[in-house]
Amino acid sequence: MQTTSVNRCAWAGSDPLYCAYHDLEWGVPVHDDRLLFEFLTLEGAQAGLSWITILRKREGYRRAFAAFDPEAVARFTDADLVRLAGDEAIVRNRLKIASTRDNARAFLTLREEFGSFDAYLWRFVDGIPLQPARRTLAEVPASTAVSDQLSRDLKKRGFRFVGSTICYAFMQAVGMVNDHTVKCFRWAELCGNIGEKR
């Protein structure tokens, strides 16, 4: 992680965990299916909460949801879901917990159709990260036409907690769009998808 003297997006603040996430993960193109499932799950869990809350529970989520192995999560029983609703290491929202199993099952079905979730997902941006060059945080939208399209398609395929705002946050997190503001040191590093990916 860079020192605190560098220019970062305003939302990163000064929390070390937030800064590390901003500097090392946010906006880096992700092509690993398990990591994509992790981000999809965490963004859904974040709905109505702050992202720092989810970051602080991330390890708890990894333990609770089989390191985000969609095949394992798809096999969770109703008893597993009841048990997880009492797990203080995650957000104990029954609907969000149940949606993770539903999403894992939909994820596997989609992967069978397209070969990978990665192949399905990146079609929405023609395989290349969008580079909008926002000058300020105020210019960053909550959703876009692309996130609207992704949300509609995921819902049609049985995914839950995938509204357009959640989908856009997901797109930002996995590098489908480079929404670092232009004065942020990460914007230039990630601009043009210079090969940095996960």
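User: How many cavities of 30 Å³ or more does a search of the whole structure find?
Analyst: In this predicted model, a search of the whole structure turns up 1 cavity of 30 Å³ or more, and about 70 Å³ of space lies in the largest cavity.

User: Which elements give two or more residues to its lining?
Analyst: Those elements are α2 and α7, and of the two it is α7 that gives the most to the lining of the largest cavity, with 5 residues.

User: And which residues lie nearest the centre of the largest cavity?
Analyst: Of the 14 residues that line the largest cavity, Thr 41, Ala 45, Lys 96, Ser 99 and Thr 100 lie nearest its centre.

User: How does the lining divide into nonpolar, polar and charged?
Analyst: The residues of the lining divide into 7 nonpolar, 5 polar and 2 charged.

User: OK, on to α2 itself. Why is it called largely enclosed?
Analyst: Because 13 of the 14 residues of α2 are buried, the helix is largely enclosed by the rest of the structure.

User: What span should α2 have, and how far apart are its ends?
Analyst: Helix α2 covers residues 33–46, and at 1.5 Å a residue its 14 residues should span 20 Å, which agrees with its end C-alpha atoms being 20 Å apart.

User: What is found at the start of α2, and what follows the helix?
Analyst: At the start of α2, a side-chain oxygen of Asp 32 reaches to within 3.2 Å of the backbone nitrogen of Arg 34, while the helix is followed by Gly 48, whose phi is positive, near 85 degrees.

User: Now α7. Which residue caps its N-terminal end?
Analyst: That residue is Asn 93, with a side-chain oxygen that lies 2.9 Å from the backbone nitrogen of Leu 95. After α7 comes Gly 115, whose phi is positive, near 95 degrees.

User: Which side chain does Glu 25 make a polar contact with?
Analyst: The side chain of Glu 25 makes a polar contact with the side chain of Arg 58, at 2.6 Å.

Notes
Residues numbered from 1 in each chain as written. Predicted model: local features only at pLDDT ≥ 70, side-chain atom pairs only at ≥ 80, totals over all residues. Heavy atoms only, no water. Helix = DSSP H or I, 4+ residues; strand = E, 2+ residues; numbered from the N terminus. Expected span 1.5 Å × (residues − 1). Buried < 20%, exposed > 50% of the residue type's maximum accessible area, 1.4 Å probe, protein only. Polar contact = N/O pair within 3.5 Å; in protein donor to acceptor, adjacent residues only side chain to side chain. 1 Å grid on protein atoms, 1.4 Å probe; cavity = no way out; pocket = protein on both sides within 12 Å on 5 of 7 lines; lining within 4 Å. Points joined across faces, edges and corners; volume = space filled by probe spheres on them. Nonpolar A, V, L, I, M, F, W, Y, C, P; charged D, E, K, R; others polar.
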